[in-house]
There are 2 protein chains.
Amino acid sequence: MFEPIKTSTYFLVMLVLRDGPRHGYEIAASIKDRSQGYFSISFGSLYPVLHKLEKDSLVEAQWQEAGDVKSKKVYKLTDKGSRQLTAELEQFNAMITAFKGFIGEGV
Amino acid sequence: MFEPIKTSTYFLVMLVLRDGPRHGYEIAASIKDRSQGYFSISFGSLYPVLHKLEKDSLVEAQWQEAGDVKSKKVYKLTDKGSRQLTAELEQFNAMITAFKGFIGEGV
DNA sequence: ACAGATATATCGCTCGCCGATATATCGACG
DNA sequence: CGTCGATATATCGGCGAGCGATATATCTGT
């Protein structure tokens, strides 16, 4: 088993959602902006990922009806999602450490 | 496009090979040992990966005939492979930096 | 009213990776 | 000498991540 960054797109999406509720299109833009263009997610990945996260109860979705608009779906992290994200952040750091050690040896 | 650690198994295999020629079974053991068990590669991945690397001229393979044994195939990095590994190491560091920045923001 | 940006969604495809499986050889031990 | 377990290479079917292409609807500025 490897899991480089634990199915990375899921990780990135959840990281964005940690800062508060967002709708899908916004999430994609955030990923690009916050990484200075280094990371990006296509819409062909984004929505399946969000649906999967919703199915796993890691995020909650709600059609934005606040005003009168009806075309935006707002996603937010659930408690479960927040807990899992914390765990994944730990795993991420452990993996980086392992990788650095791996690279460092035998130079 | 994302490429978390640029198809990570290939990366790990090449990192092991950077220290000198190895045969397949040995590579798998090295990956486990050098990461203190954190990373591992199954044989169902290892050989296809090695064949792919060979096809791409990143590694060279040769049946070990030195003594009299005939059941070991020794793989070594080509110059091209060595150059690509260097480039991927740079990309790896850039990615880690991007990730750390991504995580760091908005805590 | 129309164009272009915003926004959600699905489909088929490729590719990384794994578990299961097959096969052959080497070393140890009785 | 025979056989058993570790060593060693290899393939196959399947799963799941991620993408490009495509469809559709709405919102905004002119």
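What share of the contacts in chain A with a separation of 6 or more comes from residues 24 or more positions apart? The figure is 48%, with two residues taken to be in contact if their C-beta atoms, placed from the backbone, lie within 7 Å.

## Ground rules

This is a predicted model, so to speak of local features pLDDT has to be at least 70, side-chain atom pairs count only at pLDDT 80 or more, and totals for chains, interfaces and linings use all residues. Residues are numbered from 1 along each chain as its sequence is written, while chains are lettered from A and ligands numbered from 1 in the order in which they are written.

## Chain A in outline

Chain A has four helices and three strands, where helices (H or I, at least four residues) and strands (E, at least two) are DSSP runs numbered from the N terminus. Along the sequence the pattern reads α-β-α-α-β-β-α. Of the 107 residues in chain A, 27% are buried. Here a residue is buried if 20 or more other C-beta atoms lie within 10 Å of its own, exposed if 12 or fewer, and partly exposed in between, with C-beta atoms placed from the backbone.

One loop residue to look at is D56(A), found between α3 (43–55) and β2 (59–63) of chain A. D56(A) counts as partly exposed because 13 other C-beta atoms lie within 10 Å. Between D56(A) and G81(A) there are 8.8 Å in space, C-alpha to C-alpha, for a sequence separation of 25 residues.

## Helix α2 in chain A

Take α2 (residues 24–34) of chain A: I27(A), A28(A), S30(A), I31(A) and R34(A) are its buried residues. Looking down the axis of α2(A), they fall within an arc of 160°, so they line one face of the helix; the arc is that of the directions from the helix axis to the C-beta atoms. Y25(A) and D33(A) are exposed residues on the face turned away from that buried side.

Just past α2(A), Q36(A) has a positive phi of about 55°.

## Helix α2 in chain B

In chain B, the buried residues of α2(B) are I27(B), A28(B), S30(B), I31(B) and R34(B). Their arc around the axis is only 160°, which puts them on the same side of α2(B). Exposed residues Y25(B) and D33(B) sit on the face of α2(B) turned away from its buried side.

Packed against the buried residues of α2(B) are α4 (79–104) of chain A and, from chain B, α1, β1 (22–23) and α3. After α2(B) comes Q36(B), with a positive phi near 55°.

## How α1(B) packs

Two packed helices are described by the angle between their axes and the distance between the axes. Axes are lines fitted to C-alpha atoms, for helices over the stretch in contact, and angles run from 0 to 180 degrees between N-to-C directions. For α1(B) and α2 (residues 24–34) of chain B, the angle is about 100° and the axes are 10 Å apart. That makes α1(B) roughly perpendicular to α2(B) (angles under 35 degrees count as roughly parallel, over 145 as roughly antiparallel, 65 to 115 as roughly perpendicular and the rest as oblique). L12(B), V13(B) and V16(B) of α1(B) meet I27(B), S30(B) and I31(B) of α2(B) in this contact. By class, the contact of α1(B) with α2(B) comes to five nonpolar, one polar and no charged residues. Ala, Val, Leu, Ile, Met, Phe, Trp, Tyr, Cys and Pro count as nonpolar, Asp, Glu, Lys and Arg as charged, and the others, Gly among them, as polar.

As for α1(B) and α3(B), their axes come within 10 Å and cross at roughly 75°. That makes α1(B) roughly perpendicular to α3(B). T9(B), Y10(B) and V13(B) of α1(B) make the contact with S45(B), V49(B), L50(B) and L53(B) of α3(B).

## Around the DNA

There are 27 residues around DNA strand C, and H23(A), G24(A), T9(B), G44(B) and S45(B) come nearest. A residue is near a strand if its C-beta atom, placed from the backbone, lies within 6 Å of it. α3(A) gives the most to the surface near DNA strand C, namely five residues.

DNA strand D also has 27 residues around it, with T9(A), G44(A), S45(A), H23(B) and G24(B) nearest. There, α3(B) has the largest share of the surface, five residues. By class, the surface near DNA strand D has 11 nonpolar, 12 polar and four charged residues.
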